[in-house]
Amino acid sequence: MADAGAPFGQLPLVDEVLCGSSRDRHPFRESGEEVSGVATILGRDCRVVSPGGKPRWMAWRIGAGKGLVARGAYVLAIDLPDDRPRSAIVVNRGCDMIRGVATGGALGDRLWGVSDSHAESINRIPHARKYVTQELFFFLHDRTADLVLTRSPMRRPLAPPDGFWVAILAPSNQDDPVSAGAAAARIRLFEVPDPGVFVLEPHLPENLPHRRVFAREAWSAAITEGDGEGEAGVDNMEAFFEFRARQARFLGMNAIAPDLLTAGRNQGWDAGDEDWFAPPRDALRWEKMLQTFDAQGLEVVPYFEYAGSLSLNRQVRCRPLARGDRQPYTNVPGGEPGHLDVTDPSSLDDARRLLDRTVLKYRDRFRIPAVWFRTRTASWPVSYADAVIARFAADANGNWPPPRDQFAKDADLRGRYEGWWLGKRQEFLAGLRDALRSGFPKAEVLVTPWTDPLGPPLSDRTPLVVTDVPADFRGNLQGPSGAWGEALSLRRVVGEERHLKATQAFPRDRGGFEWHNATPPADPGRYWDTKGVAFTYPVGRMYMGLSATSFDAFRGPDGLAVVRGYCANEGVDGSSLGGLVADVDRAGPFCMMPEVLAVAWGDPFWLGILASNTHTNGFPEYARRFNAAFLALPALRSDRKPEWSSDPEVVVRVIWTEKSGAYLAVVNTGVAAKKDALIVLPWDGQVTNAASGQILDSLKTKVKLTPKEIAAAEAKAKADGKAKAEEKDLADKPAIRLDLGPCELLALHIG
């Protein structure tokens, strides 16, 4: 038995790799001759792989001959030094789980990748000056790859008795120019005899509407299934669905978002018509998932990358403005599986049929609180087909349809046309909502209208790094082709609301292709009074979460929906390990910074996650703590109360209820812990931790704030544009003092 760290405690230790020891006898490989070396960091011997012109990695095979059991639960724990900015990608071949870690100001994600990574370097994130442990909770697959996962066919020659490979990769110095490389002191493998012990049951508020946390995984099922007989990581797909459900329950989530359409392709439901949607590999897969997730107590948010059906796309064709009939909108026609004309009435009929075959047929059996539609490249483009122009002219007082080339010459006409098209999209989504609510009366339609998981980039011209210290990147952002990136000030990006503007701006055409028409933006202002439809606000970087104005722009009558995106980092290994996709976390409590800022400045009811492969969190202690607090709060509108906090970095939001007292969301938005932060209470009553039910010690007598605390509260109120707080409003109030960790959310209930 050994200490596996929070939240696991004592677990059976199966195997241990001492990465910096010459006496360690585990099978070892590296990406080239002597690309790694031993060094002493923070008093411990490590093996270090420094970044170079190409990605570099080191790998060990762990668990061989140690009695590993297929589909058993395990924890892989890697001790990493947090002494300098470092980026490390950990590859766990035991379940094809790839998860990165970034410390300090390291970018973590690829700067020069396939898609824009929305790169960010935040030097204010402190280094722990000690070792941090990435903990990966997982279920061992039936077969695993021999380090490199080949494709077409996939090969997984290792069985559990052979152990499995663990690789640690340092991205190239061009992809992360400030990283000092990847280093590890120790890798341990623990057995989890009873994974049910670590299920985190959320304390949902009684008789009040609930919030949801859910994740969509992009690549996990495809990698797990393999291409042919005997190539799959897991033979029984029901077992894989159970792995997904148990991972979600371990993290304290209460919902899950499985794919029904990926790039327009059927992912496992019975369409009943091959001319409508091509048949999937397993037409019962969707129903099996529903049964498994429901048995695990999870609600389901079906995920659709819908671009019209096969038959609809044959009948209703979209057309670019200038590129000609039946031409692709962009220079990536393979990424345009179909083009949905939202202005055509038959499109809504097709979408209703989709909901009927996938969702509404289960209205009496399963819990489906929402459906999630995400558009990919040119999925729902602005069309200039003759029929669409004619509909526009008919709606514009029956005018004669203008010739197509006039739209390119007349900016005012084109602007009116685009506004009309956005209105037609709103009608289409409202129709989807009505169809959904015929079976699920309170369900919502969530819409993510961009391909990149992190939302639209700040610039489509050159890679940008948003940073609090731009000087760190001066002369340090040259890419592989010789092009240069640019560093922008965090203060400037937030002050100019550049992320909010990007979410609502048509992109710029480039290279003679119509990106402007291919990817229409969000227009949340149209939906402020539209119930049941919500555009999701994208977060994932600090600069995306510091503006209350940005969150408010996306808030509708049913609240706010936020999606945390992860950059997939395709090819971060340079294909040396078979081609990787990897989500990257900030180390320690900072892994939850995007979600914490979203609650502080936006307070969403829906919190989705776009993951590139098997979703987990390398620092589950903090993810579980956040999810428990978030779900303990009711999905009711909150008021931000700057005058209730003695610390300007501690944000307090209050939710008033008619019969259940008040709930407080207390958020430490800072990167340092807070000791004895004073929080004013709305009245003198019993205070409990809403996530655990633990009774907290409030100050039984009326307590006077110190002059310093009063001054801080007044300054914060003034900065937030509130009426100046007077001493009589701050003194002689019931209060409580709290200790808060960095980037921590605490949910309180006052009876």
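In the predicted model, P7 is placed in the loop between β1 (2–3) and β2 (10–11). The peptide bond that leads from A6 to P7 is cis, with omega near 5 degrees. L147, in the loop between β12 and β13 (164–170), has a positive phi of about 70 degrees although it is not a glycine. L147 is buried, its relative accessible area being 1%, whereas R326 is exposed, with a relative accessible area of 60%.

Pairing was examined for strand β15 (residues 186–191). Strand β3 (residues 13–18) runs antiparallel to β15 and is joined to it by five bridges; within this pair, D15 has L189 as its bridge partner. Strand β8 (residues 73–82) is likewise antiparallel to β15, with six bridges between them. In that pair, D79 stands opposite R186 of β15.

Strand β23 (residues 444–448) has parallel partners. Five bridges connect β23 with strand β22 (residues 370–374) in the parallel sense, and three bridges connect it, also in parallel, with strand β26 (residues 533–535). V447 of β23 takes part in both pairings: it is the bridge partner of F373 and stands opposite F535 in β26. In a regular strand, side chains alternate between the two faces of the sheet. In β23, E444, L446 and T448 point one way, and V445 and V447 point the other way. Residues on both sides are buried. Because five of the five residues of β23 are buried, the strand is largely enclosed by the rest of the structure.

By class, the lining of the second largest pocket comprises nine nonpolar, one polar and seven charged residues.

Helix α14 (residues 620–631) contains 12 residues and reaches 16 Å from its first C-alpha to its last, close to the 16 Å expected at 1.5 Å a residue. Nine of the 12 residues of α14 are buried, so the helix is largely enclosed by the rest of the structure. The buried residues are P620, A623, R624, F626, N627, A628, A629, F630 and L631. These buried residues pack against helices α2 (237–250) and α13, and against strands β12 (130–139), β16 (212–217), β30 (606–611) and β38 (744–750).

A search of the whole structure returned 10 cavities of 30 Å³ or more. The largest cavity holds about 200 Å³ of space. Its lining is made up of 19 residues, of which G540, R541, R564, R586 and P594 are the closest to the centre. Helix α13 (593–601), one of the elements packed against α14, supplies at least two residues of this lining, as do β28 (561–565) and β29 (583–586). The largest share, three residues, comes from β29. The lining of the largest cavity divides into 11 nonpolar, two polar and six charged residues.

How values were computed. Residues are numbered from 1 along each chain as its sequence is written. This is a predicted model: local features need pLDDT of at least 70, side-chain atom pairs count only at pLDDT 80 or more; totals for chains, interfaces and linings use all residues. Side-chain values use heavy atoms; hydrogens and water are left out. On a 1 Å grid over the protein atoms alone, a cavity is a set of points where a 1.4 Å probe fits but cannot get out, and a pocket is an open set with protein on both sides within 12 Å along at least five of seven lines; lining residues have an atom within 4 Å of a point. Grid points are joined across faces, edges and corners, and a volume is the space filled by probe spheres set on the points. Helices (H or I, at least four residues) and strands (E, at least two) are DSSP runs, numbered from the N terminus. Ala, Val, Leu, Ile, Met, Phe, Trp, Tyr, Cys and Pro count as nonpolar, Asp, Glu, Lys and Arg as charged, and the others, Gly among them, as polar. Buried means under 20% relative accessible area, exposed over 50%, partly exposed in between (1.4 Å probe, protein chains only). Two strands pair if DSSP finds at least two bridges between them. The expected span of a helix is 1.5 Å times one less than its number of residues. Contact means heavy atoms within 4.5 Å.
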